[in-house]
Amino acid sequence: MATVNAVVERGCSMLVHFDRAASSSEIREALESGGPEAKAEAMKKAIAILLSGEQMPQIFITIVRFVLPSDDKYVQKLLLLYMEIIEKTDSSGKILPEMILICQNLRNNLQHPNEFLRGATLRFLCRITEAEILEPLIPSIVACLEHRHSFVRRNAVLCIDRIYQMPGGDMLLQDAPETIERFLAGGESDLSTRRNAFLMLYNNDQDRAVSFLLQNVEQVANWGDILQNVVLDLIRKVCRTDPSQKGKYIKIILMLLSTNNTSVIYECANTLVALSSAPTAIKAAANCYCQLLVSQSDNNVKLIVLDRLAELQRNHRYVMQEMVMDILRAVNSPNSDIRRKALDIVLDLVTARNIDEVVGALKKEIAKSQTDAGEKAGEYRQMLVQAVHACAIKFPETAGAVVHLLMDFLGDTNAAAAFDVAMFIREIAQTNASLREGIVRRLLDQFYSVRSSRVCGTCLWIIGEYSLSGTQVEEAFAVLKESLGSTPFFKKASAERVDPEEEESDGKSAAESPLREQKNAARPAVLADGTYATQTAAADVAALESGVGSLAGSLPNLRALVLGGDFFLGSVTATTLTKLALRYLSVASEPSAARRLQAETMLYIVCMLRLGKSSTLSTPIDEDSADRLSLCLKTLAAPSADPAAAEVWLRGCRDAFAGLISDKSRQAAEDAAATETAPEAQADDLIDFYHLKSRKGLSQVEIEDAVATDLARATGFAEAAASEKNRRLERVLQLTGFSDPVYAEAYVTVHQYDIVMDVTVVNRSKEVQQNLCLELATMGDLKLVERPQNYTLDVGETKHVRANIKVSSTETGVIFGNVVYETAGSDRNVVVLNDIHIDIMDYINPASCHDTAFRAMWAEFEWENKVAVNTTITDVRAFLDHVVASTNMRCLTSRSALDGECNYLAANLYAKSVFGEDALVNVSVEKQPADGKLGGYIRIRSKTQGIALSLGDKITLKQKSAE
């Protein structure tokens with residue numbers, strides 16, 4: 001007798017929730033004396049109890065006596081469910097004698113005049129695997145193909161398909177494919193029935209399915225969508241088996257492209273891309289994707305289509321360059337992920353031929369975003385600014401068309417978008433000398449509207465570096481002077497008895513500055529010794545610190561930020577003023593004007609120093625900013641003392657920035673060259689000439705496809721694809737030993753959100769293994785989707801079992817389990833499988849981001865894992881290369897910054913997971929002078945805990961030995 005565990009582990013096709021216990025006597029009483037409703041409730045309880053693993057053999061005869069003769073259709077449906085889950089064989093595998101009664105009832109149902117009962121019985125027979133039950137019912141099943149109702153015919157075809165696929169099913173239904181082919185050719189009108197019939201031929205007799213398709217090729221466009229999708233599956237299967245047959249099937253695919261059903265169009269495009277690399281086919285598929293991108297309102301559909309377009313962009317770049325404007329229409333979607341993906345694809349496809357159209361469209365979107373007050377408007381503007389920036393870097397001649405438009409956004413409320421604009425202007429000013437004068441003039445006009453400290457700092461650097469002529473220096477100094485306001489920023493407390501001349505001068509300055517009038521209007525302050533005093537900056541500072549909007553908003557931008565305690569910006573302002581003063585000394589027409597500007601600059605620097613070291617502000621000045629202000633003051637005090645220092649002030653920063661830009665461009669070019677490296681080809685490989693090929697009987701797509709295939713073979717791309725398949729074999733994992741009765745090995749494929757395990761199982765014993773099942777369990781953020789079904793393996797037979805596992809986060813997980821089977825001499829045999837560790841590297845992909853974005857994420861992310869350096873490697877650069885290779889990350893630090901011999905190294909690494917998670921790594925390593933070993937720390941930061949811990953474990957494991 002089978003145990004309770006064996007019943008629970010048996011394959012089951014349904015799941016019923018049941019939380020109320022019922023005794024067998026109650027069920028039997030309801031079945032014997034109750035009406036149809038009572039019998040139905042009793043049958044439900046019996047089914048639920050059986051599904052929970054309990055056995056109730058005593059009610060079987062009661063059901064046969066009192067339920068079998070019932071005419072109620074609902075009760076008969078429940079009876080079929082009951083018969084589906086009960087044991088139909090004994091411990092030796094032979095059919096139970098009482099099943100004869102069941103067979104007679106099933107035959108009666110198949111001949112019943114009610115179509116629902118016939119169809120329900122046919123669906124029930126699809127889940128029966130005992131040949132002894134099915135054999136006497138075959139004539140009745142086949143006869144149902146001629147029933148007047150489509151519901152019966154549809155399920156009859158499905159039942160024949162399932163029976164024919166059973167082990168030994170071809171003996172029960174020897175002519176099933178021929179019967180179904182005649183049925184299809186007989187003019188069946190129901191779409192679902194025709195689909196089931198064609199699917200049966202597709203699964204069991206591919207040649208007949210192909211023959212039927214080619215005989216009716218002119219009518220394929222009029223078939224329904226579900227049947228057309230099966231046709232596309234058949235085409236893919238046939239062409240994978242015999243690629244030489246692609247030509248005649250591509251015509252069918254192009255015919256189906258004209259249908260109105262979106263699912264068929266999408267599958268047609270996928271099939272075209274999978275079968276052909278001809279430019280005409282790729283263009284047709286891309287057109288379909290772009291059509292779906294515009295017509296579909298579901299954001300998930302748009303994201304899937306954009307992923308497909310990204311694949312085409314990587315593999316068929318030149319064909320996709322013509323589709324740029326169609327893809328760019330996707331930015332009309334309000335979803336930020338869709339906009340970002342569309343812009344990424346477009347920016348990679350921009351060429352000299354389409355750059356004007358792309359920039360024009362981006363300018364329109366930027367103009368539209370000015371009136372958009374939505375929640376994501378600032379983020380969208382930032383994406384557009386970054387896109388224009390990328391276009392201007394690739395094609396500098398387009399910068400002039402957009403730079404003045406973007407400068408209007410320097411005062412944007414979204415500080416990130418404004419900062420991107422400032423960075424864009426800085427780079428354009430360096431790379432386009434002809435635009436510098438206009439950029440500086442427009443920047444001075446817009447400077448008053450800038451309220452962000454980071455944007456102000458970048459604008460000040462641009463003004464200080466590119467204000468070259470005397471007139472530009474004078475205009476820049478006037479703007480900065482007005483932005484800083486009058487001096488001093490504050491006045492020390494003084495006794496009430498003051499000199500009349502000073503009082504008069506203070507009154508004059510107050511009359512000249514309305515800001516002073518507001519300050520002096522405040523009540524006098526009482527000092528500790530009882531005397532009265534006045535404070536110049538008290539009102540400003542108090543208003544700024546208390547957030548009084550009227551007064552704080554009326555202050556000039558630089559003055560407000562400096563009084564707010566931003567002394568780093570104060571040091572940047574002092575540096576800009578120093579550069580202007582030094583440059584004006586050499587270009588001024590009058591020496592007295594240059595000395596006057598030099599003195600005013602020194603006055604502003606001294607005022608900022610006094611403000612920072614006073615107790616007026618709650619935040620004192622930091623030492624770095626104080627040192628920078630002091631350096632500026634010393635440089636201006638003796639500008640001609642060290643000409644080399646003056647050259648550093650006036651030329652050094654600009655030269656360093658130019659070197660940074662050239663280094664970044666060189667690194668991008670090297671990365672692109674490494675990515676687009678063509679595989680090697682043999683000297684005697686075949687090359688076809690397009691114009692010399694025979695065109696007889698071939699369409700344009702067939703000719704292009706043949707040429708593309710031959711070119712791939714001739715140029716080595718076909719061998720590269722084959723070597724990629726060979727590399728996949730390196731991922732095969734052995735799960736059991738060679739001496740085990742069951743040998744198992746698995747190939748693990750990691751997709752974005754799921755893991756597919758293809759397990760090959762071989763019976764290495766000398767007896768038949770029945771009910772062989774792969775039992776799997778997971779640890780971590782992994783979840784088994786469904787339990788693999790049971791199999792019976794003959795001696796030496798091989799089976800391929802597939803298991804799907806869902807992944808919910810980037811965290812190292814473990815898959816473990818057993819292979820369980822039964823033999824004639826034992827009810828349960830277990831072979832334990834080796835554990836499969838899912839590596840985090842399967843989810844991590846190298847990525848790049850701007851230094852500013854890296855620093856922002858570093859400050860934002862809360863999870864940090866700090867790993868101490870412990871390695872046998874003694875060279876700092878070799879250790880960094882080893883960490884980069886081990887973690888599959890990208891080094892953001894430029895190569896020029898890492899060149900040279902040094903015992904210290906600091907670098908930033910970045911990667912992105914398939915779930916969109918960011919992984920940040922900072923490597924700080926130093927060679928110890930005492931023993932020559934490396935010391936330091938590797939810090940990992942991420943938004944989630946899993947990726948930080950997993951990366952830390954990976955680095956700890958890999959850092960000790962070089963590869």
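Contact here means that heavy atoms lie within 4.5 Å of each other.

**View 1. The whole protein chain, as a predicted model.** Among contacts between residues at least 6 apart in sequence, 66% join residues at least 24 apart. The chain comes to 44 helices and 18 strands; these are DSSP runs numbered from the N terminus, with helices being H or I of at least four residues and strands E of at least two. Of its 963 residues, 47% count as buried, where buried is under 20% relative accessible area, exposed is over 50% and partly exposed is in between (1.4 Å probe, protein chains only). Residues are numbered from 1 along each chain as its sequence is written, and side-chain values use heavy atoms, leaving out hydrogens and water. Because this is a predicted model, local features need pLDDT of at least 70 and side-chain atom pairs count only at pLDDT 80 or more, while totals for chains, interfaces and linings use all residues.

**View 2. Helix 3 and what covers it.** Helix 3 runs over residues 36–51 and reaches 22 Å from its first C-alpha to its last, close to the 22 Å expected; that expected span is 1.5 Å times one less than the number of residues. Look for its buried residues, among them Lys39, Met43, Ile47 and Leu50. Their cover includes helix 2 (24–33), helix 4 (60–66) and helix 5 (73–85). After helix 3 comes glycine 53, with a positive phi near 110°.

**View 3. Asparagine 109, in helix 6.** Helix 6 spans residues 99–110. Leaving aside residues up to four places away in sequence, asparagine 109 touches Gln76, Leu80, Leu117, Arg118 and Thr121.

**View 4. Glutamine 174, in a loop.** This loop sits between helix 11 (169–172) and helix 12 (176–185). Glutamine 174 counts as exposed, at 58% relative accessibility. Tyrosine 164 is ten residues from glutamine 174 in sequence, and their C-alpha atoms are 8.3 Å apart.

**View 5. Helix 25 packing on helix 26.** Helix 25 (residues 399–406) meets helix 26 (residues 415–431) at an angle of about 140°, with the axes 10 Å apart. The contact is made by Ala399, Val402, Val403 and Leu406 from helix 25, plus Val421, Phe424, Ile425 and Ile428 from helix 26. By class, that gives eight nonpolar, no polar and no charged residues (Ala, Val, Leu, Ile, Met, Phe, Trp, Tyr, Cys and Pro count as nonpolar, Asp, Glu, Lys and Arg as charged, and the others, Gly among them, as polar).

Note on methods: Axes are lines fitted to C-alpha atoms, for helices over the stretch in contact, and angles run from 0 to 180 degrees between N-to-C directions.
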